[in-house]
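Me: I want to learn to read a model like this one, feature by feature. Can you take me through it?

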2 protein chains.
Amino acid sequence: MAVPTGPVTASTDAERAMFDFVDAYDRAYETAALEQGLSVAQACVLGRLTREIGMRELADELGCDASNITQIISRLEARDLVRRRPHPNDRRSRQIVRTDEGIALYAAFEKSFAFARSAVANLTAHEQDQLVTLLRKALDGTREPNR
Amino acid sequence: MAVPTGPVTASTDAERAMFDFVDAYDRAYETAALEQGLSVAQACVLGRLTREIGMRELADELGCDASNITQIISRLEARDLVRRRPHPNDRRSRQIVRTDEGIALYAAFEKSFAFARSAVANLTAHEQDQLVTLLRKALDGTREPNR
DNA sequence: TCAGATACTTGATCCAATCAAGCATGCATC
DNA sequence: GATGCATGCTTGATTGGATCAAGTATCTGA
């Protein structure tokens, strides 16, 4: 199990609550991935493949190096969870698609990763709206202040 | 930059907001660590060393193998950020403490990791309370339902 | 046609995580 | 106080992720 993100010595209840939540989310994600024999990175990549997509595009979306994608996709391909196929117009490029197995495995992963669903389910509709509003506002606070 | 935790194909606004928040938090943490020349795991471990603590205890707190801690601490020690010293009563055990450098570097990390502070700062006191309540309630929802 | 950009791969390096094995020390019991 | 087991930590091996530099094939625009 990976080491947790934080805790910073949380100086307020709000910071502590945020950390606890993030930590629980991350751990749940990792646990669900492991249950399906996937690493976090593999689960994440598999989750992005809802449409045909090139390696470059995938790397950009995930904000990482293309060679990182190459190796992750290679491991998934070795397990027949994804396939690389030629791009129709650009022979440099490869389109990645999930196989049926890949789709099934990812569905199993989502089922395992009950965290977000369970969390939401414990809130009333109104509370959900409130949470969305607050999280977005909190996030907004992190965008400019350091510029 | 590490691949993001998620997104699961978020089926509700609330799930999406949670993911976005967690992802932003994790990325901010990683960025702040990198700015100080630390890995995420190293920053995390350094953050735990607010008191003298043994390797075993640290491994238990972080939920990982003791040998994992050994190597992380060794790297930190090689940079003079922490020191291992003998346990007064148990000669098997080592107490880890931060050096002054380690303390200073971690302070710099916390300064870099403005995420939680900025997020909180954008909320009124009442909103902060609401957020804490909602996050805790959401977290509670993830505890039993699968048992 | 040619120069430079782009898409991907390969190989190297570093780090984190995990496992098995090993060493020294502590502890309980005989 | 000797024996056997538990505990705390380290070492070595292996796997995987992230990053970087370099290389190949292909595309694009001048």
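Reply: Ground rules first. This is a predicted model: local features need pLDDT of at least 70, side-chain atom pairs count only at pLDDT 80 or more, and totals for chains, interfaces and linings use all residues. Residues are numbered from 1 along each chain as its sequence is written, while chains are lettered from A and ligands numbered from 1 in the order in which they are written.

Me: How many residues does helix α1 of chain A have, and what span does it reach?

Reply: Helices (H or I, at least four residues) and strands (E, at least two) are DSSP runs, numbered from the N terminus. The expected span of a helix is 1.5 Å times one less than its number of residues. Helix α1(A), residues 13–35, has 23 residues. Its first and last C-alpha lie 33 Å apart, close to the expected 33 Å. After α1(A) comes A:G37, with a positive phi near 70°.

Me: Which residues of α1(A) are buried?

Reply: An α-helix has 3.6 residues a turn, so residues three or four places apart point the same way. Buried means 20 or more other C-beta atoms within 10 Å of the residue's own, with C-beta atoms placed from the backbone. The buried residues of α1(A) include A:A14, A:M18, A:F21, A:Y25, A:Y29 and A:A32.

Me: What covers the buried residues of α1(A)?

Reply: Contact means C-beta atoms, placed from the backbone, within 7 Å. From chain A, the cover includes α2, α5 and α6. From chain B, it includes α1, α6 and α7.

Me: How many residues does each chain bring to the contact between A and B?

Reply: Chain A brings 59 and chain B brings 59. On chain B's side, α1(B) gives the most, 14 residues. That side holds 36 nonpolar, 14 polar and nine charged residues. Here Ala, Val, Leu, Ile, Met, Phe, Trp, Tyr, Cys and Pro count as nonpolar, Asp, Glu, Lys and Arg as charged, and the others, Gly among them, as polar.

Me: Which strands of chain B does β3(B) pair with?

Reply: Strands pair if DSSP finds at least two bridges between them. β3(B) runs antiparallel to β1(B), with two bridges. B:G54 has B:Q95 as its bridge partner. β2(B) and β3(B) are also antiparallel, over five bridges. There B:P86 stands opposite B:R94.

Methods:
A residue is buried if 20 or more other C-beta atoms lie within 10 Å of its own, exposed if 12 or fewer, and partly exposed in between; C-beta atoms are placed from the backbone. Two residues are in contact if their C-beta atoms, placed from the backbone, lie within 7 Å.
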